[in-house]
Number of protein chains: 2
Amino acid sequence: MEYIRSQNSLDEYFKNTQFKDYFGFDIQPYTSIVRFDPDDIILEEGDRPGRLYYMFSGRAKLLITHKNGTVSLINFLEAPCFIGEMELLDRDKPAYGVTAISTCLCFSIDIAACRSKLLNDVTFLQHLCYFLSDKALGDAYNYSKNQSYPLKVKLASFILLTENNGLYRERHAEAAGFLGVTYRHLLYVLAEFVKDGILRKTPAGYKIVELEQLKELAELE
Amino acid sequence: MEYIRSQNSLDEYFKNTQFKDYFGFDIQPYTSIVRFDPDDIILEEGDRPGRLYYMFSGRAKLLITHKNGTVSLINFLEAPCFIGEMELLDRDKPAYGVTAISTCLCFSIDIAACRSKLLNDVTFLQHLCYFLSDKALGDAYNYSKNQSYPLKVKLASFILLTENNGLYRERHAEAAGFLGVTYRHLLYVLAEFVKDGILRKTPAGYKIVELEQLKELAELE
DNA sequence: AAAATAGTATGAGATTTCTCACATAAATAT
DNA sequence: ATATTTATGTGAGAAATCTCATACTATTTT
């Protein structure tokens, strides 16, 4: 993670997003801009980060660690969205972690400095409710739509969602868990993609060779 | 739908739920209690109901109608939860409908009478955010956990979730859509349940004969 | 009353996905 | 450096699920 320090760029981003309109008070003094690179941890599971993020560019994933230590990919977060609102609303530490997939640019709000302002700002709370309600509906819709398709199609979407710079490199166990198929079958279909020339296996991960074909497959859903 | 008029029962319910604590002002004057019977429409798709519900007992389902007219079951709502918050937060009419599965008891808040009070009540907004955020996480978790199991298991859960008075009577097409399997296959597994004596087919619907066996199956997930 | 429509029902072969057994490579611990 | 664990891969038969074709209601429309 890296802070973006230039005052210019902060001003610039403020102008170009609606972010400031989500608050009933001037949020800029409490805000900085941070960049998370792929695989950076945005929210540590079981931590009290003290930061509320508003991601205005990038993709991230939401993970849960089970009692037995295995990690499950649970959901995706796509800009624009809030990250870490549960910590603000209080109640224990987050029971989930968030990790950057692509480069993520976020406004980072210092909760300690303005927690009570936020919690008493109806403009902000209304917008947060709206975001959450909207996302819940969209997610539910996607869930029920998604599951009907064969793995070929779901995997194509999944690769496009998790790919970075044309490289797919998810843990197979994690991917299989999220996609609801066995490890074995995931490998099988992945091998099919390689055989069909859609992907190429490299030491760094699976390189996307035929982006168009992947997109076509994914669009079936 | 039926109003529950007795002042006694309103007082009673108020005492026995935390409902009133979710508001920073006295909500009781704006609240009545309504009962929805199975299959009653709680929220009409494309309507402006003017009511915010807090369901404190019962189960309901969330439906979406597609452009081509087909209806998809999208999600379940279980007490306690809010229903219709999108209408309060404004933005057009709801793009989804909600129908009672079992008998549902709800506090019904007259939005017209206290919209601005609600939208300016940080206590309420905070609780709503919390509910929404919590539900989103729970849904995501369930979803990713769920999909791995064979239909036998998922159908068992589904039947338990949609059953009323021991009777399962969902539309097969709707159920198949939600469960992400073909109509054919759903019928196949349903027939298996009948053959195994778990369900019995009656003119009124599928009667649950072996509740325990259904529960056992469902608990595998 | 006939026709059209929507929901229910079943068979059979094709495809997808699973189970399980096992092998190899890479990362981590002792 | 060696054992141990973790992740990756592969084969083959079994089970789950899909596709498609085809009937049979019941309800609604004309």
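User: How much area is buried between chain B and chain A?
Analyst: About 3300 Å² is buried between chain B and chain A, and carbon and sulfur atoms give 69% of that area. Buried area is the accessible area, taken with a 1.4 Å probe, that two parts lose on being put together, summed over both. This is a predicted model, in which local features need pLDDT of at least 70, side-chain atom pairs count only at pLDDT 80 or more, and totals for chains, interfaces and linings use all residues. Residues are numbered from 1 along each chain as its sequence is written, chains are lettered from A and ligands numbered from 1 in the order in which they are written, and side-chain values use heavy atoms, with hydrogens and water left out.

User: Which elements of chain B touch chain A?
Analyst: Those giving two or more residues are β5 (59–65), β6 (71–78), α2 (85–88), α4 (122–146) and α6 (172–179) of chain B. Helices (H or I, at least four residues) and strands (E, at least two) are DSSP runs numbered from the N terminus. The largest share, 16 residues, comes from α4(B). By class, this side of chain B has 20 nonpolar, 11 polar and five charged residues. Here Ala, Val, Leu, Ile, Met, Phe, Trp, Tyr, Cys and Pro count as nonpolar, Asp, Glu, Lys and Arg as charged, and the others, Gly among them, as polar.

User: How many salt bridges and polar contacts cross that interface?
Analyst: The rule finds zero salt bridges between chain B and chain A, a salt bridge being a side-chain nitrogen of Lys or Arg within 4 Å of a carboxyl oxygen of Asp or Glu. It finds seven residue pairs in polar contact, both residues at pLDDT 80 or more. A polar contact is a pair of N or O atoms within 3.5 Å; within protein, one must be able to donate a hydrogen and the other to accept it, and residues adjacent in sequence count only if both atoms are side-chain atoms.

User: What rotation superposes chain B on chain A?
Analyst: A rotation of 180° with 0.0 Å of shift along its axis does so, with an RMSD of 0.1 Å. The copies are superposed by least squares on the C-alpha atoms of residues with pLDDT of at least 70 in both. That is the relation of a two-fold axis. The same surface serves both copies, since 97% of the contact residues of chain B recur in chain A, where contact means heavy atoms within 4.5 Å.

User: Where is the cis peptide bond in chain A?
Analyst: It joins A:A79 and A:P80, with omega about -5°. A:P80 is in the loop between β6 (71–78) and β7 (81–83) of chain A.
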